[in-house]
Amino acid sequence: MARRPLPRVLSKGSAQLARSRELARTAADSATDVLHPLITIARGLRRLASAGRRRWVATPKDKRGALLFLVASVVLVVTLAPYGPLLAVTALMATAAWQGRDRAPSAPDGPDEAQVQRLKSLYEALVPYFSTAEDPEPLYAHGGDWEDAFPEYDFDGTGRVTHLVINYPAYFTDGEPESRARIEHLLSAKSGRGREYHFAWDEEGNQLTVRVLAPLPTDIAAQPFVTSPGETVLGFTDPTRVRRTLPLTHGEERRDVPPVVWRTGIRSTEPHLLALGQPGSGTSTLLRSIALQALHHGDVVIVDGGGTGEYACLTGRDGVLAVECGLTGALASLEWAAQETERRLSAANRAHQAGDPPPEDTRRPLWILLDRPTAFTHLAAAEGREDPQSLLHVPLRHGRPANVTVVVAEQLDSLETLSAPVRQHTRARVVLGPATTEQLETVLGAPPHTTPVDQVPAGRGYARLGAGPVHRLQVPATPDPYDDATSDAHRQAVLDLLPPRTTPAEDAAPSRPVPERPDTEALPVGSVLLDELPVDSVPLEKVPVEKVPVEKALPGRALPDEPSPAEADSEKVPAGAAAPEDTTAAEVPREAAVAESS
Ligand SMILES: Nc1ncnc2c1ncn2[C@@H]1O[C@H](COP(=O)(O)OP(=O)(O)OP(=O)(O)O)[C@@H](O)[C@H]1O
């Protein structure tokens, strides 16, 4: 996002201030140049005086008389000698100038021997890639001159390259991803592993700029972010691609960090998101972070296929319509969400035709957050029931004008099990945790311009909004507050963001009778059913895993004792059981449109 311009008065004032500062700086520089000899002599006199004082203090008291006599004799001789005072003052000034000279060792002009060795070895390593036998004047040749090839370089304190500009011949195939990847791999290996490098290819100028990226901050906790409605902070990134910053607090400290902001709603070009990662990479944490932000302005339905109760803290909170951990509940909630999307669309259409603004009840954002939906896919196939993913088709396809947003978190290995609409309509993408370049490219649709590192902290990865640039991403720490391993500060940060409970804890005791409810089919399309449901919850500190069972509230439905899908997965699905047809469809190419996060 472009920075908002300063008000005119302010920007004019600051321009004048900057000009005055510049003038003052120039005047000070000129004065320093003119007065430099005087400054040097004054510094020398000061040094001579302090040396004299030291000498006087160091002289034993009984010898001070003799010393004083010697000095007085010299002064007398000098005074009486022809031109003596003049010569003495000249000698004193010369000595002071010598003593007052700047003694700081001047910085070496070029690289030291070890640095030259590093640059030479990089140059030699690049020769096979940047030379050809037909080139009459090769820029790269064994034993050749590296200085023409590397016009700019910088090293850190340990002597490793931190910035390098590389000239390469025009015939190098810099338009081919494979050729680039080879060079990038070689440079990151030769410049020192364990760091992340950013590569900027200037195809016009035949120059490659390599930069070492500072690690992204991993200590940013969940907190209220300064964003507009419709903006969700996915995490934080480098300042190179994103010019906007968000003011954040970190304990006592305040700092500005560039965010990756995802825009949803009617004008969004990537209204739904897919987050993928290895187990434990932090996709559930990302979903929790999104849920906490979504609850500021909207309602949330959570479908948790992982079945580990990671969203229990949201159960019964204001705006949380359901937290489903079982197949029956997931199906009921998603069916309702599909109907609600249709209702909103037709209500908005009727209003458009009547020339009215969209009705109020179609404007409040509705978020459908699914964690590991493929766990339900396997379970549904084993039980011969409908795949919950098939119910996402309507919200995915028509969600944008209806203010319905779908976020899916899944494990990388299950990408193929995601249904075609999920892969097609989720144009905002996130990959967290370790991933190969091929996996990143498959999910994001483009390779990142940085090298992946071996050790990735939880919540670290890449994000791409539509066809925009690939950003490095660090998700803010938003742990499950009921997890024993969560630190007190992080737990409190999440608890502070939770909306109040809609259902008081005492009312939501497990013994509370379930009210009589009509069957969903009998309800008028769009009835807000879920937010009136009882919440099986007990006081915060006692209950980690409770859900809002839609099915309990629907007397018409059978209520089997459901195992968590994760368990059922392993128990009921025979190894190699085929998934339903639509879930094994070949990878649909990602049509991307974009959004720049900044
Ligand atoms: N952004 C983050 N900052 C700090 N810690 C994180 C972050 N993301 C995740 N973690 C920590 O990493 C661990 C795994 O996170 P999480 O449960 O979100 O991963 P996951 O991908 O959903 O894994 P699984 O599918 O196995 O549950 C948790 O202990 C969590 O607190």
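**Around the ligand**

Analyst: Helix 7 (residues 283-294) gives the largest share of the shell around the ligand, three residues. Helices (H or I, at least four residues) and strands (E, at least two) are DSSP runs, numbered from the N terminus. This is a predicted model, where local features need pLDDT of at least 70, side-chain atom pairs count only at pLDDT 80 or more, and totals for chains, interfaces and linings use all residues. Residues are numbered from 1 along each chain as its sequence is written.

User: Which residues come nearest to the ligand?
Analyst: Gly-282, Ser-284, Thr-285, Ala-458 and Gly-459, out of 16 residues around the ligand. A residue is near a molecule if its C-beta atom, placed from the backbone, lies within 6 Å of it.

User: And by class, what does the shell have?
Analyst: Six nonpolar, nine polar and one charged residues. Ala, Val, Leu, Ile, Met, Phe, Trp, Tyr, Cys and Pro count as nonpolar, Asp, Glu, Lys and Arg as charged, and the others, Gly among them, as polar.

User: Which residues does UniProt list for "binding site"?
Analyst: The unreviewed UniProt entry lists Gly-277, Gln-278, Pro-279, Gly-280, Ser-281, Gly-282, Thr-283 and Ser-284. UniProt positions are given in the numbering used here, feature names are shortened, and annotations may be inferred rather than shown by experiment.

User: Where is Gln-278 found?
Analyst: In the loop between strand 9 and helix 7. Gln-278 counts as partly exposed because it has 17 C-beta neighbours inside 10 Å. The cut-offs are 20 or more other C-beta atoms within 10 Å for buried, 12 or fewer for exposed, and partly exposed in between, with C-beta atoms placed from the backbone.

User: New topic. Where does UniProt place the "transmembrane region"?
Analyst: At residues 65-98, again according to an unreviewed entry. That span is 91% helix and 0% strand, and its end C-alpha atoms lie 30 Å apart.

User: How many residues of helix 2 are buried?
Analyst: Zero of 20, so helix 2 lies largely in the open.

User: What span should helix 2 have?
Analyst: Helix 2 (residues 61-80) should span 28 Å at 1.5 Å a residue, and the 30 Å between its end C-alpha atoms agrees. The expected span is 1.5 Å times one less than the number of residues.

User: Now strand 14: mostly covered or open?
Analyst: Mostly covered, since five of the five residues in strand 14 (residues 428-432) are buried. Ala-428, Val-430 and Leu-432 are on one side, with Arg-429 and Val-431 on the other.

User: What is the order of the open sheet of four strands?
Analyst: The order is 1-2-4-3, with antiparallel pairing. Strand 1 (152-155) and strand 3 (196-202) are at the edges with a single partner strand each, so one side of each has no neighbour in the sheet.

User: How many bridges join strand 3 to strand 4?
Analyst: Seven, and the two run antiparallel, with strand 4 covering residues 207-213. Phe-199 stands opposite Val-210 in strand 4.

Note on methods: Two strands pair if DSSP finds at least two bridges between them.
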